[in-house]
Amino acid sequence: MTKRWFRADIEGLRGLAMILVLLAHAGFGFAEGGYVGLDVFFVISGFLITTLILRELDRTGRISLAQFYARRIRRLLPAAAVVLIAIVFGSLILFSPVRNEVVSGDVLASVGYFVNWRLADQSVDYFAQGFEGSPVQHFWSLAVEEQFYILWPLVIVAIAFVVAKLGGRHRTLLGGFILFAGAASLAYSISFTQESPGQAYFSTLTRAWELGLGCLLAVFTLPKLGPRAAGALTVGGVAAIVGSFVTLNESTPFPGALALFPVLGAGAVVVAGVGSVSSLPQRALASRPLCYVGRISYCWYLWHWPALIFAGAIWGSLTPVQGALVIAASWVPAELTHRFVEVPLRHAKAISVRPRRAVGVLVAGSGATAVCALALAVAQPTIPLAPEDGVDGATALASTTEVQDSAEAVRPQVESAFEDRTKLVDDGCFVKLGVVENDECVYGDKDSKTTVVLFGDSHGEQYFPAVERIAERQGWRLVALTKSFCSPAEVEQAHPTKSGRFTECPQWRENTIERILDREKPRMVIVGGSKQIDPLVGGTPADEETGREAMVDGWAETLEELRSGGARVALLTDLPQSPIDIPDCVSENRDDLESCTFPEPDDALEVERRAVERVEGAELVDTVSSVCADRTCRAVIGDAITYRDRGHITATFSATLAPAIGEQLPRLD
């Protein structure tokens with residue numbers, strides 16, 4: 001925007017939004033809803049960009065796409081490239097090879113402005129637990145805006161072309177388009193946020209209506225309000241934003257309908273400032289401190305998040321005060337980047353008079369960043385992949401219980417350990433959120449008269465490779481009935497991604513047990529599940545002791561019900577949660593694997609043992625001793641990486657558990 005059209009209240013609103021984001025990212029408990037600041041940014045972006053384009057169209061009768069894109073490149077790319085390259089070098093120094101592989105992909109996705117889709121894909125992956133935050137995670141909102149900047153001018157040009165050919169007013173047609181597309185986006189946002197809040201949060205489609213509201217305010221002529229009305233509207237708008245900030249939290253499904261409050265609040269402030277900034281609330285919003293924060297908000301936003309991530313890598317988890325100090329320190333590179341990179345290139349005459357030169361800035365900045373990102377991946381040391389027949393895994397404990405202290409080669413490779421899952425995932429036999437029934441999912445000898453069922457959540461599903469090997473050796477018909485997040489134990493669970501009860505778990509559990517008893521009629525049911533769930537007692541979260549008792553009661557009830565059909569029942573123990581990312585640690589400590597071990601908790605078998613003792617005919621299968629021999633949980637056993645994330649073992653290691661599990665299962669002779 002030119003100085004003539006500069007609005008100090010919007011600059012101050014941007015500063016307020018930035019402060020909310022910074023408070024949230026610092027980690028203050030009262031500021032968990034600070035993510036609403038990004039919704040304010042979206043409204044402002046939609047309003048300012050559309051105002052800029054339409055004024056050019058009204059003034060000249062045309063839109064120079066070359067000039068528009070050149071301005072966006074000069075405004076956004078240089079500072080982003082500087083920060084991304086700094087992130088690459090910081091990651092090279094501070095992160096492990098495995099983590100740098102991820103960062104490399106994230107940086108490349110940020111260069112292409114599609115990192116929000118990459119994060120959306122990761123957010124719905126149930127197994128993506130235990131991963132540290134990416135230093136470029138905050139680029140998701142910039143990606144949404146950049147996608148808008150690319151497509152929106154083309155839409156306006158297309159509508160202007162239609163009006164020129166068929167007649168009419170381009171603002172009327174444009175307003176109609178925004179209303180239709182915005183309504184569709186809002187409806188989708190409300191629906192998809194309920195279905196998959198993690199994915200919805202990063203989606204461009206769930207955020208388009210927020211940008212659209214800003215666009216709509218720019219399309220239609222807004223009334224000029226008197227000081228009293230403008231002040232009241234400003235106060236109301238800021239109250240809606242700040243009210244959302246203090247009432248929403250990390251567990252609130254967002255954006256959805258709740259995003260209406262900060263979005264409409266931002267829109268109210270925009271409307272209030274049409275004409276002049278004359279009321280006291282408007283002058284407060286346009287104050288020098290808020291305007292300063294708004295002015296450097298882009299660069300400060302770019303720098304503050306990687307500063308937090310790198311500080312965490314150096315000092316561990318940060319307290320809110322420490323987080324605030326790190327963010328304050330990130331102001332220094334933000335101010336330097338704003339002053340010596342963003343502003344000079346934004347106003348460089350050599351580029352502004354010839355828009356084509358902006359292409360050179362784009363190629364140079366994006367190219368240099370992409371090269372650095374690729375170099376980061378290439379520069380990482382790797383551990384060779386051990387041959388499949390050369391990995392002993394858990395069977396190595398038969399000859400020694402000593403901790404393997406080094407490895408010439410491992411399996412799976414550390415870079416791909418996270419992806420080393422069971423075939424149930426690819427076969428669609430590990431059902432996810434929203435699904436309450438399993439498909440056929442039959443393995444082993446499908447014609448056998450001896451049916452065995454594997455029943456569990458992901459902590460039961462992880463044992464499938466071992467159970468499948470046993471089934472193939474014994475000639476069993478194996479049926480796998482597994483679902484993410486849902487424990488087979490008869491407990492009430494909190495929803496894993498939003499507030500309230502997880503109502504689909506009881507329905508899935510009832511359907512599955514009914515299928516086992518009435519249809520499958522197995523000789524044996526092998527059950528496994530996580531202890532890392534949040535049991536509810538009376539609809540409220542239970543404390544540790546009450547939750548443990550609820551799990552014991554829940555397991556006993558499930559085992560009794562399964563035994564009622566006459567089948568033998570075996571309960572697989574859940575493995576201890578790893579306090580570290582095992583593949584990440586192994587990648588850094590190939591010659592010192594003992595540093596990647598952790599002690600077995602004293603109560604590792606308590607819940608399952610107590611439940612089995614209460615059910616006649618049920619038996620306990622101890623898997624913990626095969627991972628935590630001599631009370632030490634290992635990162636690598638027999639050249640096999642044990643954990644693929646902090647809660648699940650690799651499919652490779654799971655397969656090697658077949659002898660240990662097979663020896664403990666009830667005999668079906």
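Visitor: Why is Cys-505 called buried?

Guide: In this predicted model, Cys-505 has a relative accessibility of 1%, and because buried means under 20%, Cys-505 counts as buried.

Visitor: What makes the pair Cys-486 and Cys-505 a disulfide?

Guide: Their sulfur atoms are 2.0 Å apart, and a disulfide requires two cysteine sulfurs within 2.5 Å, so this pair meets the cut-off. Cys-486 sits in the loop between strands S4 and S5, while Cys-505 belongs to helix H21, so the bond ties together parts that are 19 residues apart in sequence. Cys-486 is buried as well, with a relative accessible area of 0%.

Visitor: How do you know whether the disulfide of Cys-585 and Cys-596 is left-handed or right-handed?

Guide: The torsion about its S-S bond is about -90°, so this disulfide is left-handed. Cys-585 lies in helix H23 and Cys-596 in the loop between H23 and strand S10, so the pair joins parts that are 11 residues apart in sequence. The link of Cys-628 and Cys-633, with 95° about the S-S bond, is right-handed.

Visitor: What makes Cys-372 count as buried or exposed?

Guide: Cys-372 has 18% relative accessibility, and since buried means under 20%, Cys-372 counts as buried.

Note on methods. Residues are numbered from 1 along each chain as its sequence is written. This is a predicted model: local features need pLDDT of at least 70, side-chain atom pairs count only at pLDDT 80 or more; totals for chains, interfaces and linings use all residues. Side-chain values use heavy atoms; hydrogens and water are left out. Helices (H or I, at least four residues) and strands (E, at least two) are DSSP runs, numbered from the N terminus. Buried means under 20% relative accessible area, exposed over 50%, partly exposed in between (1.4 Å probe, protein chains only).
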